[in-house]
Amino acid sequence: MNDEDNSSNLAIPSTTSLLAFERAATHLSFVEAANDLGRTPSAISHAVRALENQIGVGLFERVGRTVRLTEAGADYCEAIRPALRELELATLQAQRACKTNVVRISALPFFTSTVLLPNLARFEERNPGLEMKIETSNAYVDVRRGEADIALRFGSDHSQGLACKQLVSVSGLPVVSPNYLENAPPLSEPRDILNHTLIHVRPNLAAWQNWLESAGCEIADAEDDLVFDSILGALDAAENGHGIALAMDPLIRRHPSFGTRLTAPLTEVSADRQDYNFLCQEAKWLSPNIQKTYRWLQDCVADFADS
């Protein structure tokens with residue numbers, strides 16, 4: 001019998017056994033694995049033993065009521081996890097392929113609140129029967145693997161193999177509460193910024209440095225500066241008089257606080273602009289639902305030209 005015939009007779013363990021083992025290995029507990037999979041601890045134990053018997057390798061060492069992975073078990077778990085993840089993603093993609101009336105968008109929180117949500121009714125009116133699902137996240141989802149149909153993100157660092165279309169160009173604009181300015185040092189020219197508390201956003205800690213360089217100011221580290229995980233948190237801190245935040249212009253002009261609880265005292269500095277892009281799989285770029293969504297987004301950002 002040749003090698004091809006031998007390979008066709010190889011026994012691949014069932015996904016039931018593999019999932020039971022992977023969950024038990026993750027928790028080092030058959031009870032918690034059972035909770036994850038909606039099974040009984042006894043069923044998990046039997047599935048793991050069946051797997052061990054099938055592959056001829058001891059995967060766990062059982063010590064009383066506790067278990068720990070053997071060296072072979074740890075290696076095996078590390079090897080099968082990516083395959084189980086691929087099976088999960090493939091199944092999700094197959095399920096979603098049947099739902100042609102749904103478009104899944106991943107966008108940054110600030111873009112979602114200032115652009116997507118205010119225009120959602122327009123999308124629904126234009127596209128009856130087409131459902132939009134918005135995931136708000138600072139993380140870069142993997143569009144190539146189908147984690148979202150569309151990603152709306154800065155730059156093109158994660159766009160290899162994707163259709164990448166510019167939506168809007170933004171730059172940093174200092175914003176501050178009028179109440180803060182009443183009792184703060186003067187703020188009439190860019191270098192005055194260095195006398196104030198600056199509010200940073202953790203995913204883009206270089207933003208203030210870039211703005212200061214564009215303004216021709218020296219860079220100075222301030223111990224009193226504040227750091228937040230999101231631009232929405234930074235803007236909230238600015239509204240409450242804790243310092244000066246750097247917002248995205250022109251998006252900030254649609255924020256409900258702009259012009260009232262937040263003002264822009266320095267508008268003459270034009271920091272390096274960044275593109276906010278539309279990304280989708282190249283193969284899906286011309287699909288009707290993607291095109292409908294892209295045209296709607298183009299109209300949404302075109303409104304900023306009239307701001």
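Which helix holds both Trp-208 and Trp-211, and how many residues apart are they? Keep that in mind while you load the model, which is a predicted one.

**Stop 1: helix α9**

Select residues 207-214. This is helix α9, and both Trp-208 and Trp-211 lie in it, three residues apart, or about one turn of the helix. An α-helix has 3.6 residues a turn, so residues three or four places apart point the same way.

Show the two rings. Their centres are 5.6 Å apart and their planes stand at 80°; that angle is over 60, so Trp-208 and Trp-211 form an edge-to-face pair. Trp-208 has 2% relative accessibility and counts as buried. Trp-211 is buried too, at 0%.

Together with Trp-208 and Trp-211, Leu-212 is among the buried residues of α9. The three cover an arc of only 100° around the axis, so they sit on the same side of α9.

What does that buried set pack against? Select β6 (162-175), β7 (198-201) and β9 (244-249): the buried residues of α9 pack against these strands. Before leaving, click Gly-216, which follows α9 and has a positive phi, near 75°.

**Stop 2: strand β9**

Keep 244-249 selected. Is β9 mostly covered or mostly open? Mostly covered: six of its six residues are buried. Colour the two faces separately. Ile-244, Leu-246 and Met-248 are on one side, with Ala-245, Ala-247 and Asp-249 on the other, and both faces are covered.

Now look at the strand partners. β6 and β9 run antiparallel and are joined by five bridges. On that pairing, find Pro-174, which stands opposite Leu-246 in β9. β7 and β9 run parallel, with two bridges between them. Here Leu-198 has Ile-244 of β9 as its bridge partner.

**Stop 3: Asp-249**

Select Asp-249, still in strand β9. Its relative accessible area is 15%; that is under 20%, so Asp-249 counts as buried. Show its side chain. A polar contact of 2.6 Å runs from there to the side chain of Arg-253.

Which residues does Asp-249 touch beyond its neighbours within four places in sequence? Select Ser-169, Val-170, Ser-171, Leu-173 and Arg-273: Asp-249 is in contact with each of them.

**Stop 4: the aromatic pairs**

Zoom out. The whole structure contains 10 aromatic pairs. Select Phe-21 and Phe-60. Their ring centres are 5.6 Å apart and the planes meet at 70°, so this pair is edge-to-face. Phe-21 belongs to helix α2 (residues 15-27) and Phe-60 to strand β1 (residues 60-63), so the pair ties together parts 39 residues apart in sequence.

Are these two residues buried or exposed? Phe-21 is buried, with a relative accessible area of 0%. Phe-60 is buried as well, at 5%. Ring pairs link Phe-21, Phe-30, Phe-60 and Tyr-76 into a cluster.

**Stop 5: charges over rings**

At the first, select Arg-153 and Tyr-140: Arg-153 lies over the face of Tyr-140, at 5.6 Å from the ring centre. At the second, select Lys-165 and Trp-285. The charged end of Lys-165 sits over the ring of Trp-285, 4.8 Å from its centre.

Notes:
Residues are numbered from 1 along each chain as its sequence is written. Side-chain values use heavy atoms; hydrogens and water are left out. Rings of Phe, Tyr and Trp (its six-membered ring) pair if their centres lie within 6.5 Å; planes under 30 degrees apart count as stacked, over 60 as edge-to-face and the rest as tilted. Helices (H or I, at least four residues) and strands (E, at least two) are DSSP runs, numbered from the N terminus. Buried means under 20% relative accessible area, exposed over 50%, partly exposed in between (1.4 Å probe, protein chains only). A charge sits over a ring if NZ of Lys or CZ of Arg is within 6 Å of the ring centre and within 35 degrees of the ring normal. The arc is that of the directions from the helix axis to the C-beta atoms. Contact means heavy atoms within 4.5 Å. A polar contact is a pair of N or O atoms within 3.5 Å; within protein, one must be able to donate a hydrogen and the other to accept it, and residues adjacent in sequence count only if both atoms are side-chain atoms. Two strands pair if DSSP finds at least two bridges between them.
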